[in-house]
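Here are some notes to read alongside the structure.

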Amino acid sequence: MQQLISFTTDYTRYILKGGTKFYAWMGVLSAFILAMLYVFYLQNTDGLIVTGMTSQISDGLYLANLVFLVGVAAGAVTIVFPAYVYHHEGMHKVAVLGEMLAISAVIMVMVFVFAHMGRPDRLWHMIPPWGIYSFSSMLGWDVMVLNGYLILNFICGFYYLWCKYTGNPINRKWFIPLVYVAIAWALSIHTVTAFLMANNPARPMWFHSMMPIRFIATAFAAGPALIILIFLVIRKNTRFWVDDSAIKLLTTIVQFCLGIAIFLTLSEVVVELYARTEHANGLYYLMFGLHGLTGLVPWFWSSVVLMICAFVMFFMPSFRNDFNKLQIPCVMAFAGIWIEKGMGLIVPGYIPSPIGEVTEYHPSFVEWLMVLGIWAFGFFILTILLKGAIGIMLGDIKYGSQAVAAK
Amino acid sequence: MALNEKPAADPDRERSSECAAQPASADPSAPGLTTSRRDFLKGGGMLSVSALMGSAALMTMSDDAKASTEWAEHFQKNYRLMTDEEKAEARTRLERRYSSEYGKKVSVDTTGPQPGVLMGYALNVRKCIGCRRCVHACVEENNQSRGTRPGEKIEWIQVLRMERGEFSKDKMNHGYPEGLGIQVGGNAYTPAGQVLEGQYHYNPEAVPEKDATYMPIACMQCEKPPCVKVCPVRTTYREADGPVVIDYNWCIGCKMCMNACPYWARRFNLTTPVLPKQEMNPVTHYLGNRPRMRGVVEKCHWCLQRTRHDRYPACVEVCPVGARKFGNLLDPESEVSLILARKNVFRLKAELNTFPKFFYFYD
């Protein structure tokens with residue numbers, strides 16, 4: 001108990017101390033979070049009418065970001081897997097950072113769920129014993145696996161940090177099996193999210209079994225791409241050193257998964273457009289526009305260009321091995337997949353509607369502000385978690401000694 | 001005061017049948033109301049419970065019926081899990097609230113499915129002239145939102161207008177690739193025959209138009225409804241007599257059912273529905289046309305407030321050409337059963353195995 005209290009106080013004290021850069025960063029994020037709270041208030045007084053969503057396009061940016069972030073959360077497994085299954089030295093050192101990223105990504109997903117719901121005040125209807133849990137609903141399963149993943153990562157991550165903090169050895173008897181469960185669970189969260197979309201025959205664009213594997217491929221490209229960026233930031237701004245070998249392995253993972261994602265996208269394009277049935281209308285709208293409406297065409301092609309360019313750049317040693325230039329293809333891959341998952345997958349699923357109506361979707365300012373705010377919230381949590389974790393890993397916070405301020 | 005209020009509410013409702021503000025579609029002498037009232041009065045315990053709840057509501061909140069009922073509504077159970085007492089409770093609560101909100105006596109029917117009834121619908125596509133009277137009658141009957149902001153106007157029925165395709169002499173040899181002397185596809189790249197996609201925002205001077213056919217659609221009340229399967233809180237379900245309904249008080253607004261519906265039959269209340277007081281239909285059903293709230297999904301329910309009392313849905317009643325038929329599928333002599341037996345019948349999107357109880361036919 002004594003240890004737990006000192007862990008909490010040391011952790012909090014360490015997080016609160018920081019330089020101007022740190023406070024500026026957190027201040028900017030807080031501003032966005034405040035803006036998000038304001039638009040959330042608007043949504044809950046005026047209704048979702050303040051967004052660009054309609055009865056035709058009932059899911060927009062919120063669900064798009066949700067789907068993308070589930071991928072980012074699952075992507076954390078690309079660190080944990082090599083670390084624990086292949087005992088990769090560099091990865092093992094940073095595995096806990098991947099778990100911290102997973103925690104913040106899942107929290108962001110949950111906030112997006114809140115933003116997306118028409119009646120967030122009734123969320124308890126899903127939770128037994130007060131509410132009803134429906135085993136037939138994919139959304140129910142999604143909520144279950146996401147919460148499970150959050151809990152698993154929380155336990156694994158903080159138990160590891162706790163042991164580092166107190167200096168006790170890790171109890172491998174239950175810790176290692178739990179890590180393996182978390183690895184399999186990471187796949188399950190994105191698979192269930194893919195099923196959430198793909199199990200709707202009413203939406204021909206989503207109704208194919210390639211969806212889960214495409215989701216996993218993009219997740220394992222976008223997630224590690226973000227992790228590489230975070231690692232590069234950590235290397236620059238803290239005394240914590242992320243090994244080159246870890247970043248190099250992640251680069252390889254991003255590249256291969258990006259390649260698979262591009263291949264799967266092209267396969268889908270060929271299958272849908274060769275026969276060009278009525279069911280290809282969604283994809284056709286996305287690629288070339290339909291009935292003169294072309295809202296998503298620039299999004300799609302920019303995503304394709306970003307993904308292919310990033311893929312090619314990863315091949316070039318000048319980018320792959322130069323950690324000053326590595327950010328460029330990583331940002332491109334991340335942005336490309338964000339567009340592909342959002343504007344390129346969720347929105348065209350609704351266009352045309354099941355009765356053939358082509359309506360365009362324009363996210364409103366409120367929606368953009370909400371999305372930015374939730375991302376800011378995610379980064380806020382991520383910064384706190386990473387800072388604390390790094391402090392413990394560096395030995396700055398230790399049981400029995402006063403906490404030291406981070407550089 | 002509060003203790004006396006509940007029993008007194010019943011004669012009040014009786015008086016409401018003479019209310020002049022009722023639209024023509026409302027049924028003043030609905031027999032079901034009497035039955036359920038008798039149910040409601042059954043047992044003194046129930047009365048005291050309701051009186052207790054009423055006084056509790058009065059104590060916790062002001063006289064504002066809306067505020068006190070909304071508070072209670074937040075904690076009520078899924079409609080199907082409510083006991084009869086709780087149902088009666090919810091009903092009285094809502095009647096009080098709507099009556100004060102809309103300035104007229106509003107009844108909330110809770111009549112359940114009748115034994116031996118499975119509702120079915122048939123529509124003669126040859127007869128429909130695209131006048132869209134069914135759409136407007138439905139909006140009036142079922143208290144849909146009538147706002148002017150985009151997203152505020154809700155219609156459950158769509159009458160799709162389909163252009164007849166054109167075959168023309170000058171196009172007969174068009175196709176890809178051109179100019180090679182090798183023709184591969186005739187007119188394959190221009191519309192030939194009927195155009196598949198419809199539009200419903202048409203506004204002609206006179207119907208039917210010469211070059212158009214019409215295809216009215218609404219909720220198909222599927223036997224295997226995809227919307228029910230995806231609902232994470234089981235708020236939407238198929239009633240024993242056929243229609244798929246929504247417990248508006250239990251819906252969390254996740255919109256998964258809207259993704260799943262292949263007929264685009266569900267609408268989302270993006271904001272608080274705009275329902276002018278004088279246009280509100282006071283004869284309502286709990287699972288049907290009672291006023292909806294912000295952030296929930298709504299849909300066609302075959303006018304439960306009417307059909308549970310042996311009346312036709314508003315759209316059937318209003319159709320000037322008699323294209324719409326409604327009846328009991330379990331009765332071999334009903335109009336719908338006879339149509340199914342004798343006419344050329346088809347269902348929409350049969351390949352999706354949703355098994356609609358809404359049938360299209362032609363002579």
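1. In chain A of this predicted model, helix H9 (residues 244-275) packs against helix H11 (residues 297-315) at an angle of about 140 degrees, and their axes lie 10 Å apart. Helices here are DSSP runs of H or I with at least four residues, numbered from the N terminus. Axes are lines fitted to C-alpha atoms over the stretch in contact, and angles run from 0 to 180 degrees between N-to-C directions.

2. H9(A) is therefore oblique to H11(A); under 35 degrees would count as roughly parallel, over 145 as roughly antiparallel, and 65 to 115 as roughly perpendicular, with the rest oblique. The crossing of H9(A) past H11(A) is left-handed (the near helix is turned anticlockwise from the far one by less than a right angle).

3. Where do H9(A) and H11(A) meet? Residues of H9(A), including A:Leu258 and A:Ile262, are in contact with residues of H11(A), among them A:Phe311 and A:Phe314 (contact means heavy atoms within 4.5 Å).

4. The structure holds zero disulfides over all chains, a disulfide being a pair of cysteine sulfur atoms within 2.5 Å. For A:Cys163, the nearest cysteine sulfur is that of A:Cys156, 11 Å away. A:Cys163 is buried, at 5% relative accessible area (buried means under 20%, exposed over 50%, partly exposed in between, with a 1.4 Å probe and protein chains only).

5. B:Cys257 is also in no disulfide; the sulfur of B:Cys254 is the nearest, 6.3 Å away. B:Cys257 counts as buried, with 9% relative accessibility.

6. Residues are numbered from 1 along each chain as its sequence is written, and chains are lettered from A and ligands numbered from 1 in the order written. Local features need pLDDT of at least 70, side-chain atom pairs count only at pLDDT 80 or more, and totals for chains, interfaces and linings use all residues, while side-chain values use heavy atoms, leaving out hydrogens and water.

Definitions and conventions
Helix = DSSP H or I, 4+ residues; strand = E, 2+ residues; numbered from the N terminus.
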